[in-house]
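Tutor: Please look over the sequence and the model below.

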Amino acid sequence: MTVPPRQARVSWWMEEARAAMQPEPQPPLAGATTADVVILGGGYTGLWTAWFLKERDPGRDVMVLEGDELCGNGPSGRNGGFCSGMWEDLEALVRFFGEADAVRVAEAAQRSVDEIERWLYANGVDAWFTRSGHLTIATSPAQDDAWASLVAVAGRLGVGDRFVGLDAYDVQQRCRSPVFRTGLLQPDNATLQPARLVLGLRAALLERGVRIHESSPVVRFREGPPVEVETTGGSVRAERGVLALGAWSASLPAFRRSIVPRGTYIIVTEPAPERLAEIGWTGGEGLGDWRTALHYFRTTPDGRIAFGAAAATAGAGVGLGPRLRYDEASIVTLVDDFRRFFPSWNDVAIEAAWGGPMDVTGRHLPSFGTLPGGAINYGVGYTGGGVGPCHLGGKILAARTLGVEDEHTTLPLVDMPMLRFPPEPFLSIGAAVTQHAIVRKDEAEDVGVQPDAVTDFVARLPRRMGFDLGP
């Protein structure tokens with residue numbers, strides 16, 4: 001029987017980053033104050049927005065409010081550390097925006113990967129940035145050649161060089177596993193240590209005079225203008241505001257039917273560099289499969305494997321409570337899947353496990369806009385793939401906040417009407433039923449079994465309705 005591993009308080013990434021970087025928590029907001037811009041949320045989107053605001057206007061008084069004890073304790077410090085653009089979303093981008101705008105969005109998102117690398121170097125932040133590409137692998141017959149239509153679209157649009165097909169032999173040369181078949185490499189993508197990135201960004205903002213208040217959960221806010229925000233310890237009035245709350249946006253009336261929080265979980269092994277050498281996984285590639293509830297996994301410089309997957313747990317209607325941070329059943333399944341993928345690691349201990357919510361939208365694409373009143377801009381819906389696109393989101397939100405129109409604010413992700421899910425209680429019930437069906441379908445196909453007709457129908461139902469609940 002699989003024993004659940006230790007629950008990391010936030011993540012193993014954050015434990016490692018805090019030990020290495022020694023960040024000092026910032027004091028909570030106390031009393032009444034003012035700012036030019038107040039940003040709600042101290043993750044990647046909020047912090048990149050603050051960075052680009054100060055870059056465009058160094059004199060702008062910017063305040064960041066973070067509800068947790070430290071910026072990055074949410075998804076920005078819990079994710080798998082896959083720093084990518086949006087070429088993998090090319091088919092959806094073409095479907096929603098047309099060919100020219102699809103390429104424009106994907107190119108802008110890919111530039112963010114390059115700019116994050118340059119930012120880390122320029123600011124002396126060692127976030128283990130490794131540009132070895134992302135390799136998506138078929139791990140069951142059901143996934144064979146699942147990317148054929150994506151590659152065909154890319155070729156037709158003249159961007160086929162963003163993808164490199166690998167046969168089973170070439171995949172095994174990069175990493176040996178009994179379940180690996182053919183693969184699709186995106187060579188321009190990278191992996192990094194996500195908590196080191198967010199803490200490095202936080203430190204750079206403090207040096208530039210951004211006021212950061214941690215342990216400052218927002219109780220209520222008024223859209224303005226002016227924007228008025230009340231926390232448990234104080235209040236702030238600002239000309240402009242930015243909502244950068246990720247999955248927590250689902251609790252707000254404006255997003256209640258547009259975002260479905262979904263759990264994703266990660267385990268990390270103890271160091272075993274000699275085992276990595278034995279399976280040939282020494283190039284640092286980020287790997288994943290092509291399931292709807294996909295597995296994603298990567299290595300660390302000291303020879304660990306971090307192995308994650310989307311799960312069936314949902315936060316719609318039930319809040320973003322402890323189960324989305326650590327669901328024992330999902331994590332036990334994750335450990336079993338890891339052992340199936342890498343049986344030669346069966347005697348290597350799992351050091352820690354953790355999880356968190358991702359903000360899933362109906363289009364499976366991020367969305368940026370402005371709340372009624374015109375004073376608060378928002379960015380939501382990264383659906384688990386925000387490490388790179390959050391940087392682009394920061395550019396968009398900073399420019400919108402300053403009233404600037406540029407090549408970023410004119411992307412079709414901006415002011416895109418968000419698809420609305422059914423109202424409660426149908427949203428919570430439907431999300432739970434379909435997500436469990438998606439996982440059951442994936443698990444059946446993992447072992448070469450055709451899912452039953454009901455499971456298959458329910459798992460495909462969101463796409464038939466124009467939604468995509470996959471990660």
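Student: Leaving aside neighbours within four places in sequence, which residues is Thr-231 in contact with?
Tutor: Contact means heavy atoms within 4.5 Å. Neighbours within four places are left aside. Thr-231 then touches Leu-29, Leu-65, Ser-216, Pro-217, Val-218 and Val-219.

Student: What kind of model is this?
Tutor: Residues are numbered from 1 along each chain as its sequence is written, and side-chain values use heavy atoms, without hydrogens or water. Local features need pLDDT of at least 70, side-chain atom pairs count only at pLDDT 80 or more, and totals for chains, interfaces and linings use all residues, as the model is predicted.

Student: Which strand holds Thr-231, and is the residue buried or exposed?
Tutor: Helices (H or I, at least four residues) and strands (E, at least two) are DSSP runs, numbered from the N terminus. Thr-231 lies in E10, residues 227-231. Buried means under 20% relative accessible area, exposed over 50%, and partly exposed in between (1.4 Å probe, protein chains only). Thr-231 has 4% relative accessibility, so the residue counts as buried.

Student: Where does Pro-225 lie, and what is the omega of the bond from Gly-224 to Pro-225?
Tutor: Most peptide bonds are trans. Pro-225 sits in the loop between strand E9 (218-222) and E10. The bond from Gly-224 to Pro-225 is cis, with omega near 5°.

Student: What is the phi of Trp-128?
Tutor: Most residues other than glycine have a negative phi. Trp-128 is in the loop between H4 and strand E4 (134-137). At 14% relative accessibility, Trp-128 counts as buried. Trp-128 is not a glycine, yet phi is positive, about 60°.

Student: What is the phi of Thr-383?
Tutor: Thr-383 is found in the loop between strand E18 (376-380) and H10. Its relative accessibility is 3%, so Thr-383 is buried. Phi of Thr-383 is positive in a residue other than glycine, near 55°.

Student: How do H1 and H7 lie relative to each other?
Tutor: Axes are lines fitted to C-alpha atoms, for helices over the stretch in contact, and angles run from 0 to 180 degrees between N-to-C directions. The axes of H1 (residues 12-21) and H7 (residues 194-207) come within 8 Å and cross at roughly 45°. Angles under 35 degrees count as roughly parallel, over 145 as roughly antiparallel, 65 to 115 as roughly perpendicular and the rest as oblique. H1 and H7 are therefore oblique.

Student: By class, how many residues make the contact of H1 with H7?
Tutor: Ala, Val, Leu, Ile, Met, Phe, Trp, Tyr, Cys and Pro count as nonpolar, Asp, Glu, Lys and Arg as charged, and the others, Gly among them, as polar. The contact includes Trp-13 and Met-14 of H1, and Val-198 and Leu-199 of H7. By class there are nine nonpolar, one polar and three charged residues.

Student: How do H4 and H10 lie relative to each other?
Tutor: H4 and H10 (residues 389-401) pack with axes 8 Å apart, at an angle of about 105°. Ala-108, Ala-109, Ser-112, Glu-115 and Ile-116 of H4 meet His-391, Leu-392 and Lys-395 of H10. From the angle, H4 and H10 are therefore roughly perpendicular.

Student: Which residues of H3 are buried?
Tutor: H3 covers residues 90-97. Its buried residues pack against H4 (99-122) and H5 (148-156). They are Leu-90, Ala-92, Leu-93, Val-94 and Phe-97.

Student: How far apart are the end C-alpha atoms of H9?
Tutor: The expected span of a helix is 1.5 Å times one less than its number of residues. H9 (residues 328-341) has 14 residues, so it should span 20 Å. The end C-alpha atoms agree with that, at 20 Å.
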